[in-house]
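Please keep the view open while you read, and take the points in order.

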Amino acid sequence: MESENPTPIGSMLIAKGALCTIYKKIWISCSHQIIHPSYKGKCSTLHGHNYKVEVWLTGKLGEIGMVLDFNLIKDIVNQYDHKHLNDEIGTTTPTAEVIAMIISKDILLVNPNINNRVRVWETESSYAEYWS
Ligand SMILES: [Zn+2]
């Protein structure tokens with residue numbers, strides 16, 4: 001890819017417009033309850049999970065050589081930490097799939113030009129992933 005207007009930073013040149021992928025892993029603890037007439041599984045009672053959330057972001061480097069500040073990604077995910085997801089997300093079915101989609105949409109609100117992939121681990125063996 002051809003870079004746009006390289007910016008000198010010390011002795012380095014940052015190729016603005018160059019594509020880069022960044023990754024962040026965050027743990028959050030939340031309660032939820034899946035309430036739906038056709039669902040009778042374990043998650044139908046009120047309980048909690050320690051979710052591991054992994055985020056991949058691919059986009060163009062900005063003025064300061066970042067796709068997105070890692071701390072901003074952490075803040076986006078942490079808004080759900082120690083919250084009851086049914087209330088926070090506003091759904092009766094806050095599944096791992098839905099949580100991944102909501103976090104993905106939150107990231108798009110900050111920067112719609114970043115491709116993202118959000119993986120939400122509900123247990124050590126189960127995750128859902130959403131791409132946008
Ligand atoms: Zn659950």
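1. Which residue in strand 6 is the bridge partner of arginine 117? The partner is tryptophan 131. Before going further, please note that this is a predicted model, in which local features need pLDDT of at least 70, side-chain atom pairs count only at pLDDT 80 or more, and totals for chains, interfaces and linings use all residues. Residues are numbered from 1 along each chain as its sequence is written.

2. Let us begin with the overall plan. The chain has three helices and six strands; helices (H or I, at least four residues) and strands (E, at least two) are DSSP runs, numbered from the N terminus. Read from the N terminus, the order of elements is β-β-β-β-α-α-α-β-β.

3. Next comes the overall form. The radius of gyration of the chain is 18 Å, whereas a compact globule of 132 residues would come near 14 Å; the radius is taken over C-alpha atoms, and the globule rule is 2.2 Å times the number of residues to the power 0.38. Along the principal axes, the C-alpha atoms fill a box of roughly 60 × 25 × 25 Å. Of the 132 residues, 19% count as buried (20 or more other C-beta atoms within 10 Å of a residue's own; 12 or fewer is exposed, in between is partly exposed, and C-beta atoms are placed from the backbone).

4. Four strands form an open sheet in the order 3-4-5-6, with antiparallel pairing; two strands pair if DSSP finds at least two bridges between them. Strand 3 (19–32) and strand 6 (126–131) are at the edges with a single partner strand each, so one side of each has no neighbour in the sheet. From one strand to the next, the twist averages 15°; axes are lines fitted to C-alpha atoms, for helices over the stretch in contact, and angles run from 0 to 180 degrees between N-to-C directions.

5. The pairings of strand 5 (residues 115–123) deserve a look. Seven bridges join strand 5 to strand 4, and the two run antiparallel. Leucine 57 has asparagine 116 of strand 5 as its bridge partner, and valine 53 stands opposite valine 120 in strand 5. Strand 5 is also joined to strand 6 by six bridges, again antiparallel, and these two strands form a hairpin with two residues between them.

6. What lies across the strands? Helix 1 lies across strand 3 and strand 4, at about 25° to strand 3. Helix 3 (residues 96–110) lies across strand 4, strand 5 and strand 6, at about 150° to strand 5.

7. Lysine 25 is partly exposed because 13 other C-beta atoms lie within 10 Å. Beyond its neighbours within four places in sequence, lysine 25 is in contact with Lys52 and Glu54 (contact requires C-beta atoms, placed from the backbone, within 7 Å). Isoleucine 73 is 48 residues from lysine 25 along the chain, and their C-alpha atoms are 9.3 Å apart.

8. Finally, please visit leucine 61, in the loop between strand 4 (47–60) and helix 1 (70–78). Leucine 61 has 18 C-beta neighbours inside 10 Å and therefore counts as partly exposed. Setting aside neighbours within four places in sequence, its contacts include Ile14, Cys20 and Met66. Aspartate 81 is 20 residues from leucine 61 in sequence and 29 Å away in space, C-alpha to C-alpha.

Notes: Two residues are in contact if their C-beta atoms, placed from the backbone, lie within 7 Å.
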